[in-house]
Amino acid sequence: MLRKILIANRGEIACRVIKSARAMGIATVAVHVAADAGALFVRQADEAWHLAGESYLDIDGILAVARASGADAIHPGYGFLSENPAFARACDAAGIVFIGPREAALATMGSKSAAKTLLEQSAIPLVPGYHGDEQIPPRLAAEADRIGYPVLIKACSGGGGKGMRIVARREDFAAELAACQREAAASFGDERVLIEKYLQAPRHIEIQVFADSHGQCVYLFERDCSVQRRHQKVVEEAPAPGLSAEMRRAMGETACAVARAVDYLGAGTVEFIVDGDSGDYFFMEMNTRLQVEHPVTEMVTGLDLVAWQIRVAQGEPLPLTQAQLTLQGHAIEARLYAEDPQAGFLPSCGTLTHWQPPALTEGVRIDTGVSGGDTITPLFDPMLAKLIVWGPTRDEALARMAQALAAFQVDGVMTNFGFLHKLITHPAFCNGIVDTGFIERHQAALLPPRLPPAPTALALLALADTLAAQPAGTGAWDGALPGWRLGGAAATRHWTYRWRDETHAVTVSRQNGACRIEAGGETFVVADAQWQAPRLTARLNSQRLAATVLARGAARTLFWQGERWTLTWDDPLVADAAHAQDSGHLRAPMPGRVVALCAEAGVRVKKGTALLIMEAMKMEHTLFAPADGQVGAYHFAPGAQVAEGMDLLDFEAQDDTP
Ligand code: ADP
Ligand code: ADP
Ligand code: MG
C-alpha cells in the first residue's frame with residue numbers, strides 16, 4: 001500500500017491528484033519552483049518542497065525530494081515528465097513507484113513511428129502513410145506521392161499539436177518538410193518525421209483504457225475531442241455524438257489490443273482519427289498518461305481515474321471488469337484559458353483581481369489550480385480551469401455548460417469565456433455536427449467583433465454607480481441622494497463612460513419619487529433597485545435584471561448576461577483639472593464635502609501637488625495642482641458642502657514663457 005505520493009507536476013493536475021490521494025488516506029508531497037511558492041497546489045498538499053533546480057523537468061532534483069520526504073511513489077500528472085521513459089527508469093532505480101506505465105511502453109508510444117511500426121504487425125488500422133526509418137527528402141517525397149496529396153508531415157516525437165504541417169501540393173513538399181524537421185529538432189530534439197494521408201474534416205475520437213498487472217485490460221469508452229484549434233483540444237465530450245454501440249465496442253476492443261501490444265499498465269488513451277464519410281477509424285497515437293480531459297470519462301462512468309491509477313500502481317487488480325462498466329448520461333468539458341480570442345488567442349497575463357466560479361450545482365464540476373489573487377504568468381500554460389458538466393442527455397449537459405460559463409466571472413486577464421459560450425451554443429455544435437475543422441469553419445460566428453455594452457447594461461452600470469455613491473449602509477434606492485439637490489431642483493446625475501474609443505453618456509434622474517435612466521437613446525424606469533457591492537439587482541421597465549459591477553478608481557468591469565466589459569468612468573474631477581488651469585480656479589467637479597485643505601494660500605507648488613481633498617460619492621478625491629504655480633485663496637473651510645461647479649480655490653499657473 002502506498003502511504004505518501006510525490007506529485008511531479010503543478011497547477012490543476014497537482015490539485016486533482018491531491019484530491020484522490022487524500023480521499024484514499026495517502027499523504028501528498030508537492031514540489032514547486034519559486035514562481036509557484038504560493039500556488040493553490042502548494043497550499044493544498046500535505047508537504048511542499050522547493051525545487052532547487054527551478055524546473056519541473058529536473059529528474060534528479062525531484063527524486064532527491066522524494067527520498068528526503070519519504071515518498072514511496074511519484075505521480076507525474078500530464079505534460080512535463082509524464083511520458084519520459086528516463087524518468088520512469090530513474091524512479092525504478094531509486095525504488096520509488098512510478099504511477100504510470102512501464103518504461104518500455106513509454107518508449108514505444110513516445111514515438112509515433114515506433115508505435116505504428118509495432119502495430120502494423122497486428123490488425124490495428126493505421127492512417128495510410130509512411131513511418132519508416134529512411135528520412136532522406138527524396139524518399140519522403142516519393143512516399144508522399146504514393147500516399148496522395150494532401151498529406152500531413154508529423155514530428156515522430158511531437159505532441160501538443162506542435163510539429164505538424166499540412167501539405168496540399170507536391171511543389172510545396174520540400175520546403176514544408178525542411179521546416180517541419182527544423183521545428184521538430186528545435187522543439188523535441190528529434191528531427192525524424194512521418195507522413196500521413198491528411199483526412200478532410202475527420203473526427204478525433206479517443207478511447208480511455210486501463211490495464212492492471214494481472215493481465216486485465218478494459219476500455220472506459222470514448223471521448224470526442226474533435227473541436228480543436230491548431231490541432232489542440234478545446235472542448236471534449238463523452239459519449240461521442242452519434243457513435244453507435246457497435247462502433248464503440250469495436251473501437252474499445254481495438255484500443256485494448258493496442259494497450260496489450262505494449263504490455264500496458266495503468267491509464268492510457270488511444271487516439272483515433274475517424275473519417276467523416278466512411279466512419280472508418282485509424283490509430284493516430286497513444287498517450288501514456290492521464291489526459292487533461294479525463295474528467296469527462298469520470299462523469300459518465302462515475303469513477304475516479306486517479307484512484308484507479310493508484311490502485312493499479314499498488315498492484316491491485318482493476319476494480320471493475322468490462323461487463324461491469326456502464327456509460328451514464330453525457331459529459332462535456334471546456335478548457336478555460338487566460339487568452340484573448342480577438343488577438344489570435346494570445347495568452348493574457350495578469351492578476352486575478354476577481355475570481356467568481358459558478359456554484360457547484362448538480363452536474364457542474366470545476367478543476368482548477370488557481371484562486372482569486374493569483375497571477376497568471378508567461379512561465380506556464382495559461383489555463384484557468386476546466387469546466388466540466390454532466391446531464392442525463394447531451395442537451396441538458398449543454399444547457400448546464402452555457403449557464404455555468406455565463407456565471408463564471410473573472411477579471412484581471414482576458415479570457416476565452418465568450419468564445420466558448422458562442423461555441424457551445426452554436427447550432428451546429430448543438431446538433432452534434434463536429435469535426436476538427438469546426439472552429440475554423442465557424443470562425444466568423446465564434447469571433448464576432450466586440451460590441452459595446454447594450455443600453456440596458458449601461459443603465460445598470462450607472463445605476464450601480466449612483467447607488468454606490470449613497471451614504472454607507474443604504475444599498476436600496478431610497479431617493480435620498482445627498483448633494484443631488486444642491487445644484488437646483490432636479491436631482492440628476494450624469495455619468496460618462498469610455499469603452500475602447502467610444503464615449504457613452506448616461507443620465508440618472510429622480511423626479512416625483514420615480515427614477516429614470518437615459519442610456520443609449522433608451523429610457524428605463526427603475527424600481528426595486530438593490531446594490532450590494534459588487535452585485536446590483538433592479539427592475540428596469542418592469543424587467544427583473546442583475547449585473548455585477550467592479551469599481552477600482554475610475555476602472556469599471558461590468559458583467560451582464562454572461563459577458564464582460566471593461567470601461568473607464570470619466571471622472572469629472574480629472575476632466576476638470578485642465579479646464580481649471582485656464583480659468584485660474586479649481587472648481588468642485590461634483591457635489592460633495594470639503595474634507596481638507598492641503599496647502600496654504602500664497603505658496604508655490606509643483607504640478608501634481610495635492611491642494612484639496614473632497615469627499616463625494618463616498619470616496620475621497622484629491623484635487624492636484626494642474627501645473628507648477630501659486631496657490632491663491634481657499635473659498636471653503638473643511639466640512640463645507642459644495643455644489644458642482646463652485647470655485648474651491650484660486651490657482652495661478654506659473655507663466656513659463658521666456
Ligand atoms: P499530437 O501528438 O500533437 O496530439 P496527433 O497525432 O494526436 O498529435 O494529432 C493531433 C491532431 O491533429 C488530431 O487530433 C487531428 O485533429 C489532427 N490530425 C492528426 N493526424 C491527422 C490526419 N492524418 N489527418 C487529419 N488530421 C489529423
Ligand atoms: P472589452 O470590454 O474591451 O471588450 P474585456 O477585457 O472586458 O474587454 O474583455 C472581453 C472579453 O471578456 C471577451 O473576450 C470575453 O471572452 C471575456 N469574457 C466574457 N465573459 C466573461 C466572464 N464572465 N468572465 C471573464 N471574462 C469574460
Ligand atoms: Mg494527440
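Visitor: By class, which residues make up the shell around ligand 1?

Guide: The shell has eight nonpolar, eight polar and six charged residues. Please keep in mind that this is a predicted model.

Visitor: What makes a residue count as part of that shell, and which residues come nearest to ligand 1?

Guide: A residue belongs there if one of its heavy atoms lies within 4 Å of the ligand. Of the 22 residues around ligand 1, K112, K154, G161, H204 and Q228 come nearest.

Visitor: How much of ligand 1 does the protein bury?

Guide: Taken alone, ligand 1 exposes 550 Å², and the protein buries 96% of that. The elements giving two or more residues to its shell are β7 (151-155), β9 (193-197), β13 (266-274) and β14 (281-287).

Visitor: What makes domain 1 and domain 4 count as being in contact?

Guide: Contact requires heavy atoms within 4.5 Å. On that basis, 14 residues of domain 1 are in contact with eleven residues of domain 4. Between them the two domains bury about 840 Å², 57% of it on carbon and sulfur atoms. On the domain 1 side, R10, E12 and L40 lose the most area to domain 4, together 50% of what that side buries.

Visitor: Let's turn to the other ligand. Which residues come nearest to ligand 2?

Guide: They are F408, T415, R450, W499 and T566, out of the 16 residues around ligand 2.

Visitor: How do you know that R450 makes a polar contact with ligand 2?

Guide: An oxygen atom of ligand 2 is 2.4 Å from an N or O atom in the side chain of R450. The limit is 3.5 Å, so the pair counts. The backbone takes part as well: an N or O atom of G562 lies 3.1 Å from a nitrogen atom of the ligand, and one of T566 lies 2.9 Å from an oxygen atom of the ligand. The protein covers 94% of the 570 Å² of accessible area that ligand 2 has on its own.

Visitor: Why would a guide point out peptide bonds and phi angles?

Guide: Most peptide bonds are trans, and most residues other than glycine have a negative phi, so exceptions can be pointed out. A cis bond joins A238 and P239, with omega about -5 degrees. P239 lies in the loop between β12 (232-238) and α9 (245-261). The bond from A533 to P534 is also cis, with omega near 5 degrees, and P534 is in the loop between β27 (522-532) and β28 (535-540).

Visitor: What makes the phi of F80 an exception?

Guide: Phi of F80 is near 40 degrees, a positive value in a residue other than glycine. F80 lies in the loop between β4 (73-75) and α4 (85-93).

How values were computed. Residues numbered from 1 in each chain as written. Chains lettered and ligands numbered in written order. Predicted model: local features only at pLDDT ≥ 70, side-chain atom pairs only at ≥ 80, totals over all residues. Heavy atoms only, no water. Areas by Shrake-Rupley, 256 points an atom, 1.4 Å probe, with all protein chains shown as cover. Helix = DSSP H or I, 4+ residues; strand = E, 2+ residues; numbered from the N terminus. Nonpolar A, V, L, I, M, F, W, Y, C, P; charged D, E, K, R; others polar. Buried area = accessible area lost by both parts, 1.4 Å probe. Polar contact = N/O pair within 3.5 Å; in protein donor to acceptor, adjacent residues only side chain to side chain.
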